[in-house]
Amino acid sequence: MSGTKKLGLRQRYEYLTRGLDWETSYQPMDKVFPYDSFEGIKIKDWSAWEDPFRLTMDSYWKFQAEKERKLYAVIDAFAQNNGQTGISDGRYANVLKLFLTGISPEEYQAHRGFAFAGRHLRGAGTRVAAQMQSIDELRHLQTQVHTISHYNKYFDGIGEFPHMHDRVWYLSVPKSFFDDARSAGPFEFMIAIGFAFEYLLTNLLFVPFMSGAAYNGDMSTVTFGFSAQSDESRHMTLGIEVIKFLLEQHPDNLPIVQKWVDKWFWRGHRLLGLVAMMMDYMLPKKVMSWKEAWDIYFVEAGGALFQDLGRYGLKMPKYADIATAEAEHISHQNWAVFYQYTHAAAFHTWMPDAEHLDWLSEKYPNTFDKYYRPRWEMWAKMEKEGKRFYNNALPQLCQTCQIPMAYTEPGNPTEICFRSTQYKGETYHFCSDGCKDIFCDEPEKFSQAWLPVHQIFQGNCGGATVPDVLRWYNMNVGADNMDYVGSPDEKLWNEWHAEKLRQAS
Amino acid sequence: MAQIASITLVHTDEARPIIEAIMADNPGVRVLNMPGAVKLDCDGTITVKRASVEERIGRSWDPQEIQLVLVSMAGNLDEDDDHFTLSWRH
């Protein structure tokens, strides 16, 4: 063997990641790794695990440090140059409020979940990959908080994000998603977050949406977004390796994995409805519609992926066709919910202006003019007449996804979709067949869901009236909630704008 | 349906030579320009060659450095000392 020849990447990775673990002797391995068998997954050979990134710990630290240096240079430059005054419109800040309250806390949950998987999976290669991802996820939370903290100096609805995340009605949608994943076994967690969320769906959040941040002048958010996404590429690879590894290890794993793929695809689809609304309604300057993003990142990319996984017998997720059909409706239906409940939301809402309506008509030729434009025009007219529409009844929630029951029947956008089932003498309600199936497979788990509306009615959320509940949310009423028009955010934005015009003249 | 192998990179000065190398080495590559990012698609397989990038930047380049500018990808990854390849072929 030559003493001078440099090792290749494959060999370096082998030497630095293998043979570092050992068979325990003081305690049986099953007691050291107590959680990796109860889910029914069978692993014959953990050493068959392949990490195609072949990233060793020394390279990991080097690359991550470089990413951080670049990101913080941008964050500093943004703050020094008062970048907040250069965004496209004051409305834009609302996407950051929803992002920080609804998504950043889930980065933290992902951090904890991968730390658990990085401890409890028996294979050393898998543990290393999960541990790196755990550190990445913590980095994502930190960089998001640091970036958005600058906006917190100027805009409302940001400062109470961890408190709100645990309490506010719509934030129970992402919270319950991650609570579900984190209370599952380590293999289901890896499929839920590693595969279904990271591989199938994360592109929809981070690519077109972050490109949207760039387009709207938010230099610091696009930078944390793409910095996080560069880790995501590694996470996606982990997700796809997990699924291939499980399917190659034993044929009995296939039905279990298929069930998890079906479940987490549908849960992810429901969760991403919030992103659909951010893209179609909340970005003042738009990059692409939700429908276009869905076609690129699910229909095209997901199609190629499942064609590939077909060789293991894995099929497209159940109800993928319904989700694709819903891509023409979901952003509009969600925006309608938030518009009606703007008094209870910690970000601002508005009716689209004429130019925005035309963009929606162009992007949604099959649905917008027929089903949604007339409603927006009616609500805009009511606003003008001083009769702005608020829904003062608390909505019924889906037991599984926890979203208000506002979605429509597949194939009939004029009828609300209701499903129900009985469990131990109680009736449970669902927004869709997808959510009902998930409940019926694990009724003991989902019958215990913490549903915000039920909890309000049971007196667990600060009191019996809306003001009591908003106080319990730590909501600054009149600043955090209600329409953008008339808000302190709008007043500040208009002042900045007037100052710019005054100085230019 | 054609299986599309894809790489998305940030649109920065650092990524530009990599984007150029991909366009030179992958005939038929399709380019989707988004604000701040570029998505490059090829049927079946797409590759980044170390030599092509080094030729453009005039220094040695480790394919793992792509992680500094990578936004997303689709396909099975094969990474080695001389290339970074995404492919649906087996």
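1. Of the 90 residues in chain B, 43% are buried. The model is a predicted one, and the predictor assigns the complex an ipTM of 0.89 and a pTM of 0.94. For chain B the mean pLDDT is 93, with 99% of its residues at 70 or more.

2. The dimensions of chain B agree with those of a compact globule. For 90 residues such a globule would have a radius of gyration near 12 Å, and chain B has 12 Å. Along the principal axes, its C-alpha atoms fill a box of roughly 40 × 30 × 20 Å. Of the contacts in chain B with a separation of 6 or more, 65% are between residues 24 or more positions apart.

3. Chain B is built from two helices and seven strands. Read from the N terminus, the order of its elements is β-α-β-β-β-α-β-β-β.

4. Two strand pairings in chain B deserve attention. In one, strand E1 (residues 4-10) of chain B runs antiparallel to E5(B), and four bridges join them. Within this pair B:Leu9 faces B:Leu70, a residue of E5(B). Strand E5 (residues 70-74) of chain B is mostly covered, five of its five residues being buried.

5. The other pairing involves strand E6 (residues 76-79) and strand E7 (residues 83-87) of chain B, which are antiparallel over four bridges. A hairpin of three residues links E6(B) to E7(B). Here B:Leu77 is placed opposite B:Leu86 in E7(B). In a regular strand, side chains alternate between the two faces of the sheet.

6. Chain A has 22 helices and four strands. Its radius of gyration is 24 Å, close to the 23 Å that the globule rule gives for 505 residues, so chain A is as compact as a globular protein of that length. The C-alpha trace of chain A spans about 80 × 65 × 45 Å along its principal axes. Buried residues account for 48% of the 505 residues in chain A. Among contacts in chain A with a separation of 6 or more, 78% are between residues 24 or more positions apart.

7. What does each chain bring to the contact between them? Chain A contributes 31 residues and chain B contributes 24 residues. On the side of chain A that touches chain B, at least two residues each come from helix H1 (9-17), helix H3 (57-80), helix H9 (186-215), helix H10 (219-249) and helix H13 (290-309). The largest share of that side, eight residues, belongs to H10(A). By type, the residues on the side of chain A that touches chain B are 14 nonpolar, ten polar and seven charged.

8. The largest nonpolar core holds 155 residues, and those that touch the most other members are A:Ile191, A:Ala192, A:Ala196, A:Met278 and B:Leu9. H9(A) gives the most to this core, 20 residues. In soluble globular proteins, nonpolar side chains tend to be buried together. B:Leu9, one of the residues with the most core neighbours, is also the residue that stands opposite B:Leu70 in E5(B).

9. Which residues does A:Ala196 contact, apart from its neighbours within four places in sequence? They are A:Ile191, A:Leu201, A:Val261, A:Trp264, A:Phe265 and A:Gly268.

10. Helix H8 (residues 172-182) of chain A is mostly covered, with nine of its eleven residues buried. The buried residues of H8(A) include A:Val173, A:Pro174, A:Phe177, A:Phe178 and A:Ala181. Also among them are A:Lys175 and A:Asp180.

11. Most residues other than glycine have a negative phi. A:Tyr319, however, has a positive phi near 65 degrees. This residue lies in the loop between H13 and helix H14 (320-326) of chain A. Is A:Tyr319 buried or exposed? With 20 other C-beta atoms within 10 Å, A:Tyr319 is buried, since the cut-off for a buried residue is 20 or more.

12. A:Gln402 lies in the loop between helix H17 (368-384) and strand E1 (408-409) of chain A. A:Gln402 counts as buried because it has 25 C-beta neighbours inside 10 Å.

Key
Residues are numbered from 1 along each chain as its sequence is written. Chains are lettered from A and ligands numbered from 1 in the order in which they are written. A residue is buried if 20 or more other C-beta atoms lie within 10 Å of its own, exposed if 12 or fewer, and partly exposed in between; C-beta atoms are placed from the backbone. Two residues are in contact if their C-beta atoms, placed from the backbone, lie within 7 Å. Ala, Val, Leu, Ile, Met, Phe, Trp, Tyr, Cys and Pro count as nonpolar, Asp, Glu, Lys and Arg as charged, and the others, Gly among them, as polar. The radius of gyration is taken over C-alpha atoms; the globule rule is 2.2 Å times the number of residues to the power 0.38. pLDDT is the predictor's confidence in each residue, from 0 to 100. A nonpolar core is a set of buried Ala, Val, Leu, Ile, Met, Phe, Trp, Tyr and Cys residues joined through C-beta atoms within 7 Å. Two strands pair if DSSP finds at least two bridges between them.
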